Every structure is written in C-alpha cells, then in structure tokens.
Amino acid sequence: MALRAPHLYQSLRAYCLAAFSVERGAELPFAFEEHPTRDGPSLYEYRPLVRGFVDSQAATLRRLPDTRNAIDDLRREPAAAIFARAHARVGSSEDDALFRTILLPMLTAVAERCGGFDWHDDAFAAAYAEIEQTLFGTARNYAAVAPLIGLSAGSPVELGGNVRVRPVVAGEVSSLWPEALGLMPPEFGRDVDRLLVLELVRELAPDESEPPDAAGELADAVSALRLATAGAIAAGPVVFERLDFRPLRISPLLPIAATQPRGEATRLDAVRARLASDLRERLPLADDDRGLAEALDRWELSLFAEEPFRTGQVRDGLTALFGGEDGPWAAAMRIAVLVGEDTKARGELLEALRGDRARGDVRDALRRALVETLLYGNRVELIRSLDETMLGLRPKPATAVAA
C-alpha cells in the first residue's frame with residue numbers, strides 16, 4: 001500500500017503495538033448471537049466483545065507515551081478535526097476526542113481482525129488503510145440514522161434534502177455501536193410500526209471540519225411526517241452518526257421529536273410521502289415568521305398535553321397562526337373558511353372552534369391549516385386572501401389536503 005502519511009503510519013503502529021503489549025493474554029468476554037433462518041435451525045455466531053473490553057481499558061491506554069505521540073500527529077492533520085469537534089464537549093479536550101473517535105476504534109478494529117491481542121501486521125495494515133481513506137480521500141461519506149416508530153411503509157421513501165425513510169437492516173447499528181441495544185425504542189425491529197429508520201446521507205468535502213446538524217434535520221423530518229399523516233410518530237431517542245462507515249458520535253434527538261404522542265400508528269403511502277417531502281422543505285419558513293413558528297410549536301406541544309392544557313395549546317396555536325392582533329374570533333373564521341369543504345362543514349367547524357374544549361376535529365383543523373400555510377408559502381398573503389374570500393371579492397384559495 002502506498003502511504004500518504006508515513007509518519008502517521010509509524011505513530012499509529014507504535015500506539016497499537018504498545019496497547020497490544022499491555023493487553024497481551026487478556027481474557028476477552030464474548031457473546032453468542034442468534035441469526036434465525038427462514039426454513040432451517042438458527043445459526044449462532046461467536047463474537048469476542050473487543051470494543052467493550054478496549055473501552056474499559058481506555059484510562060490505562062490514554063496514559064501510554066505512544067498514545068501521546070499518535071494524538072500529536074493526528075492534530076497536525078486538518079481532516080481529523082471533524083472527529084475532534086464532533087465529540088468535543090464541556091470538560092472534554094480535542095485530544096480526548098481524537099483518542100476516543102480514532103485511536104480507540106482503530107485499536108478495536110485491529111484486535112477484532114486479530115481475534116484478540118496476538119499481533120498480525122496484515123490486520124493493522126487493513127485498519128490503517130481505512131484511516132487514510134477517511135483522512136485523505138477525495139470525498140467523505142456521512143450518514144446519520146435514527147430509529148423511527150409509529151409508521152410503516154412498503155418501500156424506502158425519499159423526503160428530500162438527502163433525508164429518507166427506509167427499512168432497518170439487521171445489525172447495521174449494533175455492528176458499529178455495540179452499546180446501542182439499550183438506546184433503541186422498546187420492541188424496535190419486531191413490531192410492524194417499528195421496522196423503519198430515518199436516515200440523512202451526505203457527501204462531505206475533505207476539508208469540512210463540522211458534521212451536519214443531523215439531530216435538527218431529522219427532527220424537522222419527524223414534524224413533517226406528523227403534519228402529513230396525523231400519526232403518532234417519533235424518532236430516536238438518539239441519532240447514530242458515522243463517517244466513512246466509522247462511528248462518529250451518538251447525539252440526542254430533540255425531545256419533542258423523540259417522544260411518541262398519543263394516537264395510532266399509520267402507514268406512509270405515496271401521496272402522503274410527497275406531502276411530507278414538500279412540508280419538510282418548507283418548514284424553514286418558520287424561521288422568519290414568528291406567528292407560524294409559534295403555531296407549529298403549540299400544535300406539537302398539544303400532541304402530548306393533558307386537558308385543559310391541550311385545549312389552551314390548540315387555541316393559542318390557532319390565534320398565533322391566523323388571529324394575530326385580530327384575536328381568536330378572526331382565527332376561527334379564517335380557519336373555517338380555509339379548512340371547511342362546504343358551507344355545512346364550515347358552520348360545524350366554527351361551532352367547534354367556539355366550544356369550551358378543543359375536540360379532535362379542532363386539533364386536526366389546526367394541523368391542516370398549518371399544512372396549507374406551509375404549502376402556500378406566505379402566511380400574511382394567505383390571511384389577506386381568506387379575508388377577501390369572506391367578503392366575496394375572490395374565490396377560496398386552492399387547498400392541497402382533502403378533508
């Protein structure tokens with residue numbers, strides 16, 4: 001193999017040799033993994049738990065002089081900055097981040113190829129080749145995956161912006177993050193509405209030092225799916241991020257996206273998938289529209305609230321969206337005109353909006369009004385159009401969502 005950084009090769013090799021010397025003869029724990037087959041008996045795999053063992057020895061390995069030398073060489077490589085910054089947090093230095101994101105995983109990869117701590121040069125060469133590909137390749141493959149619950153789909157669904165919904169692949173998370181079992185939702189991978197993941201995939205330039213905000217982008221995708229389907233959908237509670245098929249970090253998803261609301265699971269068909277894609281693309285409109293942003297927040301909070309707080313959240317959301325300085329009565333009139341399919345439906349909805357409690361049809365009216373506002377693209381213009389409709393000056397604005 002032609003080396004791009006011979007000095008890095010030597011320092012990382014010295015680090016791994018020193019670690020092997022410290023751990024030589026160690027008793028590795030192991031696990032038997034069951035792999036069911038369709039027609040025959042289950043197959044079992046003997047797998048040494050190298051990563052957990054290496055993690056338990058991290059404090060000892062961190063003090064090795066060769067570890068210090070390897071970290072110093074990595075700090076001189078600009079491409080390694082993304083690993084340091086992905087894990088840097090309060091009380092953790094970039095040196096510690098490089099140790100945990102590059103050195104420990106590399107030692108684990110070498111030990112797994114060796115089947116323990118008996119050194120083989122070929123095992124180190126293969127692991128180091130992957131490091132060079134990550135640090136010096138022309139492009140870097142970034143992916144973030146979060147478990148998705150409350151939704152089923154027959155095939156992968158593109159949501160735009162390199163975000164998609166797809167079936168989970170057995171072992172794709174546990175192979176990179178053995179500790180993932182305790183971080184997955186209950187019954188994930190078994191129930192029909194717990195077989196999907198949300199995934200963000202992106203090509204990063206070699207000089208990019210900041211990972212994408214996967215938690216924020218996937219939370220927007222959850223909001224779009226909830227708006228499009230009215231299903232009890234959630235993701236997370238954590239996002240598993242990798243770079244060039246190497247574990248990068250595990251980051252928490254926003255709590256409002258990670259909590260499953262009340263309601264029933266739903267199925268994502270082609271029509272609602274296109275709607276969710278359009279909504280995900282338009283959600284940034286709320287960044288420059290305080291009324292729309294507050295209405296979205298109130299609607300999502302109402303999914304988890306008990307009465308009477310749920311009714312309060314819905315009414316405040318209606319007022320923020322279409323009331324403003326004109327108050328709740330104006331919001332009720334405008335939403336009845338927008339959402340009601342005919343005169344009778346508008347009258348019934350108006351009566352429900354004036355009631356003491358926000359019934360299910362009122363909460364769904366807020367959801368539909370948010371969908372229409374996002375698709376229209378300009379909340380102020382939509383309000384003006386609805387007022388002119390009530391005065392008979394123009395037809396009702398075209399709506400995208402059927403009753």
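1. In this predicted model, the largest nonpolar core has 110 residues. Leu198 and Phe322 are the residues with the most contacts inside this core. Helix H6 (residues 94-114) gives the most to the core, contributing 11 residues. As background, nonpolar side chains tend to be buried together in soluble globular proteins.

2. Phe322 deserves a separate entry. When its neighbours within four places in sequence are left aside, Phe322 is in contact with Ala330, Ala331, Arg334, Ile335, Leu338, Ala369, Thr373, Arg379, Leu382, Ile383 and Leu386.

3. Helix H1 (residues 6-23) consists of 18 residues. From its first C-alpha to its last, H1 reaches 26 Å, close to the 26 Å expected at 1.5 Å a residue. The buried residues of H1 are Leu8, Tyr9, Ser11, Leu12, Tyr15, Cys16, Ala18, Ala19, Phe20 and Glu23. Against which helices do the buried residues of H1 pack? Their partners are helix H2 (50-56), helix H3 (58-62), helix H4 (65-75), H6 and helix H7 (121-136).

4. Two packed helices are described by the angle and the distance between their axes. For helix H8 (residues 214-229) and helix H11 (residues 290-302), the axes come within 12 Å and cross at roughly 75°. An angle from 65 to 115 degrees counts as roughly perpendicular, and H8 and H11 are therefore roughly perpendicular to each other.

5. In the contact of these two helices, Ser223, Arg226 and Leu227 of H8 meet Leu296, Trp299 and Glu300 of H11. The residues of this contact divide into three nonpolar, one polar and two charged.

Definitions and conventions. Residues numbered from 1 in each chain as written. Predicted model: local features only at pLDDT ≥ 70, side-chain atom pairs only at ≥ 80, totals over all residues. Heavy atoms only, no water. Axes fitted to C-alpha atoms, helices over the stretch in contact; angles between N-to-C directions. Helix = DSSP H or I, 4+ residues; strand = E, 2+ residues; numbered from the N terminus. Parallel < 35°, antiparallel > 145°, perpendicular 65-115°, else oblique. Contact = heavy atoms within 4.5 Å. Nonpolar A, V, L, I, M, F, W, Y, C, P; charged D, E, K, R; others polar. Core = buried A, V, L, I, M, F, W, Y, C linked by side-chain atoms within 4.5 Å. Buried < 20%, exposed > 50% of the residue type's maximum accessible area, 1.4 Å probe, protein only. Expected span 1.5 Å × (residues − 1).
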